[in-house]
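User: I would like to learn how to read a hairpin, a strand pairing and a pocket in a model. Please take them one at a time.

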Amino acid sequence: MRGVLCAVALVVAAAVPAHADGGGSAEWSVTPSAGGGTRPAKDGRPSFYAEGTPGAVLQDTLSVTNPGPKPRTVSLRGADAANTGSGAFSVTPAKGRPKDTGAWITFAKRQVKVPPRTRAEVPFTLTVPSGALPGDHPGAIVASGGGRTVGVRVDLRVGGPSLSALTVERVAVDTDAGSISYDLVNRGNTVLTPKLAVHADGVFGTLLDRPARTLPVELLPGRRVSLTEPWPDAPALDAVDVELTATASGGARDTAAASARFVPWGAVAGGGALLLAAAGGALHLVRRRRRREAEGGEPEPGTEPEPEPGTEPEPGTEPGTGSGTGPGAVSEEKREATELARAGTGDER
């Protein structure tokens, strides 16, 4: 095995078209070597796949192809796999130190110089630690050179009992955005591609009934991802119960629910303002009436009662000159005395 690891085979890539200097160059690439591995494909392998029990030493070969007119130096490293926040497959950065599959990969050379129009075959081993847990251990081989970084996936399965399990957690309904957020957690030791079904009931019946569909997620063992389910036609006013059901191969299944109240707060605020204004006006009128009653019940200006029909005032009793007792009223006796005085004196005034 040491002899294999100490050699890097260089093969002229005759099938790659030649490029004259200055005429441009194609990008270099890395792929699993044709015909190797435990699951070779007829048209080449898209990734590495290996199976072994704890303590096993597995071997394979990486091809680095340089179709350009100039030599290319490529650096190789092993990396652990991870999930992005949205569930996509990713690898640990170069500055991080791998602790799983990436740490178990050893290359014949970590840096390979590939001549123009040549393919380099780089052997490597994958040593499974004696204490490795059974199940899936995804990783990758990452190659960097000339300002470019590419990778090849490594799917390792360690022998032993396997368990497919997942949970749906932290379900919440965003009534403003019209969406349902939730977390998916892989509680088993196998890589899962989950499916999700969504059901929602309102006061008057079913509002949402989406059958199970495959999510664009590859959930790695022990990983958690936060996802969002859009609900563009959510109700404007309703009390809703939402239920999410996630399933995956191997019998993994879980259900979680949440409740929400959809209320059009803008309309409620406008209606409340109108009610408050009406209530304020009514209260003002009531207080004004009570104040008038407390002051003796005097009518407001312009509200004097009109005389009833057939009760016209007698001559000489108009307001200000009648026989009433109000200001300016003159009695009949006083008027007669005045007329007699004028008759005796001849005073015409």
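Analyst: In this predicted model, G250 takes a positive phi near 85° in the hairpin of strand 17 and strand 18, which has three residues between the strands. Strands here are DSSP runs (E, at least two residues), numbered from the N terminus. Residues are numbered from 1 along each chain as its sequence is written. As the model is predicted, local features need pLDDT of at least 70, side-chain atom pairs count only at pLDDT 80 or more, and totals for chains, interfaces and linings use all residues.

User: How many bridges join strand 17 to strand 18?

Analyst: Two strands pair if DSSP finds at least two bridges between them. Here 11 bridges join strand 17 to strand 18 (residues 252-262), and the two run antiparallel. A246 stands opposite D254 in strand 18. Strand 17 also pairs with strand 14 (residues 195-202), antiparallel, over seven bridges; V198 has L244 of strand 17 as its bridge partner.

User: Is strand 17 mostly covered or uncovered?

Analyst: Buried means under 20% relative accessible area (1.4 Å probe, protein chains only). Strand 17 (residues 238-248) is mostly covered, with eight of its 11 residues buried.

User: Which residues lie nearest the centre of the largest pocket?

Analyst: Rolling a probe the size of a water molecule over the atoms shows where empty space is left. On a 1 Å grid over the protein atoms alone, a pocket is an open set of points where a 1.4 Å probe fits, with protein on both sides within 12 Å along at least five of seven lines; lining residues have an atom within 4 Å of a point. The largest pocket is lined by 15 residues, and D100, D136, H137, P138 and P221 lie nearest its centre. Strand 10 gives the most to this lining, with four residues.

Terms used. Side-chain values use heavy atoms; hydrogens and water are left out. Buried means under 20% relative accessible area, exposed over 50%, partly exposed in between (1.4 Å probe, protein chains only).
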